[in-house]
2 protein chains.
Amino acid sequence: MPTTPIIITARCPIRTTLELLGGKWKLLILFQLAQQPARLSELRRQIPDISEKMLIQELKTLMEHDLVARTNYGEVPPRVDYRLTDRGRLALPLIEAMRNFALQYENEKT
Amino acid sequence: MPTTPIIITARCPIRTTLELLGGKWKLLILFQLAQQPARLSELRRQIPDISEKMLIQELKTLMEHDLVARTNYGEVPPRVDYRLTDRGRLALPLIEAMRNFALQYENEKT
DNA sequence: ACCTGTACTAACCTTTTTGTCAGTATGCCT
DNA sequence: AGGCATACTGACAAAAAGGTTAGTACAGGT
């Protein structure tokens, strides 16, 4: 009896993760917020080439998935900041694994 | 003296990984090939909703980055198979981290 | 002579993702 | 009265990613 091959299905963990964290910016944003909570304008400086629209848009979907939380201080001019939620912190080992992958990949002799 | 925040740059490990492994299919393909080497037609069955074009195209870029290797047996009808390289195996902890993330995410009480 | 299975290529199109740019609201400062 | 700073929103456009379809080559089977 041969070993049963694992078959990829429509709902598998890899796909779930890609849906939650896929794309060019979400992991970078989470990584930055893991260093310290930040305001919009700070995040823009920390991730220099993101556009304001993408930053806001990505923060919004991260919030919808409860990975990031927003605090509005109700001041004028507006002051708002963003921080990781507990769920957001679940992504940190993944980010760490990505960093390890890239570093090891670059160290492999071709 | 405040702690220096880590600033995201144009070439950082997270971005390197996204370039190598980003997109809808590459990680699924690597995950499948980690179970056992496979022919094109087998991969198509194992990843049911990928199109043939995407499968070939993604395999090609994975090969260019030396994450996957191709063996052509020179038979007719053609027989070719694909397997992970050592570099490709470096992605396995990352895939494992994605799986953990998804499972923990789903277990969090809302 | 034709159909089958395998591993592709190429042209074309649709969808998704990302980016640009202009505009809104508010109160303070000059 | 006008400018500044902040955190947005919305219309639109460009670019990237993904998908569909048709076609190639070859040997074996019917």
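**Notes on the A–B interface**

1. In this predicted model, 46 residues of chain A are in contact with 46 residues of chain B. Contact means heavy atoms within 4.5 Å. Residues are numbered from 1 along each chain as its sequence is written, and chains are lettered from A in the order in which they are written. Local features need pLDDT of at least 70, side-chain atom pairs count only at pLDDT 80 or more, and totals for chains, interfaces and linings use all residues, while side-chain values use heavy atoms, without hydrogens and water.

2. The two chains bury about 4300 Å² between them, with 69% of it on carbon and sulfur atoms. Buried area is the accessible area (1.4 Å probe) lost on putting the two parts together, summed over both.

3. The rule finds two salt bridges across the interface of chain A and chain B. A salt bridge is a side-chain nitrogen of Lys or Arg within 4 Å of a carboxyl oxygen of Asp or Glu. B:Arg15 and A:Asp49 form a salt bridge through their side chains (2.9 Å, N to O).

4. On chain A, helices H1 (13–21), H2 (26–35), H5 (86–89) and H6 (92–107) each supply at least two residues of the side that touches chain B. Helices are DSSP runs (H or I, at least four residues), numbered from the N terminus. H6(A) gives the most, with 12 residues.

5. Chain A can be laid on chain B with an RMSD of 0.0 Å, by a turn of 180° and a shift of 0.0 Å along the axis. The copies are thus related as by a two-fold rotation axis. Superposition is by least squares on the C-alpha atoms of residues with pLDDT of at least 70 in both. The same surface serves both copies: 100% of chain A's contact residues recur in chain B.
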